[in-house]
Amino acid sequence: MTLSDSPEPAVLRLRDIDPRSVAALLSRFGLQVSVLADDAEIPGSYWGECEAGLIGVQLYARPDTPLHSILHEACHWITCTPERRATVHTDAADTEAEEGATCYLQIVLADDIPGFGRDRALADMDAWGYSFRLGSAAAWFEQDAEDARGWLLDQQLLDAAGRCRYQVRGSLRDR
């Protein structure tokens, strides 16, 4: 069986929830969401197909874009340095530490989307093929993500209780 013959993983997609909730959440960070037509090519998509795309302050998605993909790209943007965020186009990744922080933050933010939530985000990450050394996204998040959480705390993106501060890396806001 080729990849194109494989059925799509059963993950929650933008069409399965109210897309305004995603737009409202991401607007808190200054990120704008553009929902494209069903078969439109997604600008700025690193992986192509239905994966979210990122160019500047614009996150692109289609109704079939997985919610975990939308949050992952948004969290890359949130964790970028201000300099990279200003010019980001397609590939927002930087260091391994930042990648871990991106994954961690997307799990935290999943609770802010009605009908999604942390448990579903973790399951969808596993279904999509995210790879963690403990075997699952949940095991990583609960037992092996101290470095990612610490990075987010150091960057003032999480508070001491592990809640999102709704600001981007390099922000001068102090909540």
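Predicted model: local features only at pLDDT ≥ 70, side-chain atom pairs only at ≥ 80, totals over all residues.
Two strands count as paired if DSSP finds at least two bridges between them.

Strand β1, residues 32–35, runs parallel to β3, and four bridges join them. One of the pairs is valine 33 with leucine 59 in β3. On the antiparallel side, β2, residues 53–55, pairs with β3 over three bridges. There, glycine 53 is opposite tyrosine 60. β2 and β3 make a hairpin with two residues between them, and glycine 56 in the turn has a positive phi of about 60°.

Which way do the residues of β3 point? Gln58 and Tyr60 go one way, Leu59 and Ala61 the other, and all are buried.

Next, helix α5, residues 117–128. Its twelve residues reach 16 Å from the first C-alpha to the last, close to the 16 Å expected. Gly117, Ala121, Leu122, Asp124 and Met125 are its buried residues. Seen down the axis of α5, they fall within an arc of 165°, so they line one face of the helix. What do they pack against? The buried residues of α5 pack against α2 (67–79), α4 (96–110) and α6 (137–143). After α5 comes glycine 129, with a positive phi near 110°.

Last, aspartate 144, in the loop between α6 and α7 (146–154). Buried means under 20% relative accessible area, so aspartate 144, at 14% relative accessibility, counts as buried. Its side chain makes a polar contact of 2.8 Å with the side chain of arginine 133. Leaving out residues up to four places away in sequence, aspartate 144 touches Arg133, Leu134 and Ala139.

Note on methods: Residues numbered from 1 in each chain as written. Heavy atoms only, no water. Expected span 1.5 Å × (residues − 1). Buried < 20%, exposed > 50% of the residue type's maximum accessible area, 1.4 Å probe, protein only. Arc of directions from axis to C-beta. Contact = heavy atoms within 4.5 Å. Polar contact = N/O pair within 3.5 Å; in protein donor to acceptor, adjacent residues only side chain to side chain.
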